[in-house]
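Me: Could you take a close look at one part of this model with me? I'd then enjoy seeing how other parts are packed.

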Amino acid sequence: MSMNTGRNMIKRILILSVVMVFLLCSGAARIFYLSIVRGEELAFKAESQQLKDTEISAMRGTIYDTNGNVLAQSATVWNIFIDPLEIDSDEKRNLIADKFAQLFKYDEKERTELLKKTKAQNHYEIVEKKVENNIKEKISDFMSENRLGNCIGMEQATKRYYPYGSLASSVIGFTGADDQGLSGLEAYYDEELTGENGRIITAKDAVSNEIANDYETSIEAMDGNSLITTLNQSVQYYLEKGLRNTLEEYQAKGAYGIVMNCNTGAVLAMASLPDFDCNEPYKVTYSKDKKAIKAIKNKDEKSKKESSVVQNQWRNFTVSDTYVPGSVFKTFMASAALEENVVTLDTSYTCTGSINVQGWNRPMYCHYHAGHGTQNLTQGLENSCNPFFITIGQRLGVHNYFKYFDAFGFTEKTGIDLPGETLPQYYKEEEYGIVELSSASFGQTNSLSPIQLCTGLCAIANGGKLLKPYLVEGIVDSNGKTVKKTETKVVRQVISEETSKKVCRMMKSVVDNGTGKNAYVAGYRVAGKTGTSTKLGESAAGEGDKYIVSFAGIAPADDPEIAMIVIVDEPNQDLGGGALCAPIASEVVEETMNVLGIEPKYDDDEIKDMSKYTPNVVDRSVEDAKTDLTQSGLRYVVIGSGDKVVKQCPTGAVTVPASGTVYIYTDNTQKKMTTVPDFTGLTVNEAKSLAQSHNLNIEVSGNNMNSGTVIAFRQSEEKDASVEQGTVVTVSFKNTQSVLD
């Protein structure tokens, strides 16, 4: 072998060795890169291709009222998806697209989008979320009929339902697309209501088909806990009914109310209107807002306005906003002054219509500019006399005033179990001068939330104890086991039991003799206080002053069970809390007492005017029927010439007003009919006379004083309705005297 040949051989070996070493190093580097640098990523990809992980949605806990009525609950629905890689022909694609377009009412654009999804290069494309079971069953039948089991799939999910729609919506709230609570109790208790999702993990072969159940692992879903609230569905209904009627009638900005058990702090009802349907929270509900949005021509402005309105519907004014309470606050001033012995029930003051306050360059006026004359403390509260309470505040002094302002809870949040509770806006003790104290003494200057006022009112009602308000009385797990129970929490003793009773009696006198007459309910001794405050700085140029009016109530006054606050924000007429809010309170008190099983206690005058149960005289002789009706204090009209009663109106066991008339038929003569007149705007006597002329019985509800300012505003039977003669029509009356107290 020549020397050159040997050298070439060595060179080739070296080159080969270098190549081999390079290849070995490259392979090692590749292995290092794949196993170490991208190891976790690739392992995850491999696992995802070998395993199918399906999530099983947990049920969100149910929300109940105090009697077990369902206010919010979750139900099983279905997410529908397709596997594009299994849809191997245009025939299948069009078949699926046509069926889904039919079921979900797709337009041509939406159908085209679905066709694009059927051609995707993956195994999972979601088509529809949260599909109801009836649609899911139709899809199942379609899959079976056309052998599309591998092409279409379904995943279990949950959907939130609210059986009563808008009832207590500002309290309950609603959930988002991911089932997370976005407002109200749904948000505050989101962690308790949310369960833990389960999973089913299934092995797949090389072509992504599922392997037998031997390779399947499942983890059960754990449903969320449920809430037992303090809300009473019936009380909530009547509160909202009264607020909604007033909101619409007076085209107000808002109407709000709270009813609490004054002895426990439990909230029986809470409403903030305009409200929303929990099932459709993004839909505008209030007619006034709908008109305002419709009037806007600019598309962007319209969208902005609609968004603002919807956000406002979600807002719970009773907790998240404050207002200047006006004369309602005088109940707390009276409590503090009596407790500190700076006044007695016999303390008198002569009101001339205004009072001069040092440092204020003009008089501070009473709402009654002519003046109330000489009055004692109870009469001062009945008349809602501003100068009287200014003098009381000055006697009390800044330090004692602020001591009770703080003690009633007006310097801090109540801690109620709802999101977004606002802080009060108030002057601190060192910021008060004689002018600020005088203004604050009749309910101006400071701004408080309705829940603070209602909680403070409970302290006046229950013997002086400030309680922490609450909405959830218990939390139970999916097996019904109690996880948490709320106990009544006494924050502090604010006033003595003796002072509490005195102020309740004074407030009862406000309803019996003063500005709160419209809150009267026969047999239930309602105590209350009206209030009106000007919304300073909120009126545009050329507008009159804007008002917010309210009524604070306690019932029964001699043994309180409930306290309430009712508020109407910016009504379109200059009417005070006595005219607008007290009638709502009257209806709520009457219904709440019935719901709570509290028996009425009638005085002699009430017994005299009480309705009577109609005796059943059917099948009795005409003479016996006449005797029975006369002995019951009722009049009668006999129709027909028979000697035996075959039917009557009103029927037996129906209540008829005192001295009412019963129509008795002695043969099968056709029923005598009459037309219901319009009682709106009539006085009590005028309405009674009109009812008699139409052969109707009239039941007087609400303020029953025979006065030119007490007029009918609502009736149980619509005007022009055709009813049988003798029918009982309930007509509600209220005092509409324009008193901005």
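Does Thr661 count as buried or exposed, and what is its relative accessibility?

Reply: Happy to! This is a predicted model, in which local features need pLDDT of at least 70 and side-chain atom pairs count only at pLDDT 80 or more, while totals for chains, interfaces and linings use all residues. Residues are numbered from 1 along each chain as its sequence is written, and side-chain values use heavy atoms, without hydrogens or water.

Thr661 counts as buried, at 14% relative accessibility (buried is under 20% relative accessible area, exposed over 50%, partly exposed in between, with a 1.4 Å probe and protein chains only). Thr661 sits in strand E26, residues 661–665 (helices, H or I of at least four residues, and strands, E of at least two, are DSSP runs numbered from the N terminus). Setting aside residues up to four places away in sequence, Thr661 touches Arg635, Tyr636, Val637, Cys649, Pro650, Val656, Asn697 and Gly726, where contact means heavy atoms within 4.5 Å.

Lys535 belongs to the loop between strand E19 (527–534) and strand E20 (547–555). From Lys535 to Tyr547 there are 12 residues in sequence and 5.6 Å in space, C-alpha to C-alpha. Beyond neighbours within four places, the contacts of Lys535 include Lys253, Asp569 and Glu570.

Now for the nonpolar side. The largest nonpolar core has 94 residues, and Met270, Tyr401, Phe408, Ile460, Leu471 and Ile554 have the most contacts inside it (such a core is a set of buried Ala, Val, Leu, Ile, Met, Phe, Trp, Tyr and Cys residues joined through side-chain atoms within 4.5 Å). Helix H15 (residues 386–407) supplies the largest share of this core, 10 residues. Leaving out neighbours within four places in sequence, Leu471 is in contact with several residues, among them Val171, Leu185, Met270 and Ile416. A separate core of 36 residues includes Val235, Tyr250, Ala271 and Cys581.

Finally, a helix pair. Helix H9 (residues 233–249) packs on helix H20 (residues 582–596) at an angle of about 165 degrees, with the axes 9 Å apart (axes are lines fitted to C-alpha atoms over the stretch in contact, and angles run from 0 to 180 degrees between N-to-C directions). H9 is therefore roughly antiparallel to H20 (under 35 degrees is roughly parallel, over 145 roughly antiparallel, 65 to 115 roughly perpendicular, the rest oblique). Residues of H9 including Val235, Tyr238 and Leu239 meet Ile584, Val588, Glu591, Thr592 and Val595 in H20.
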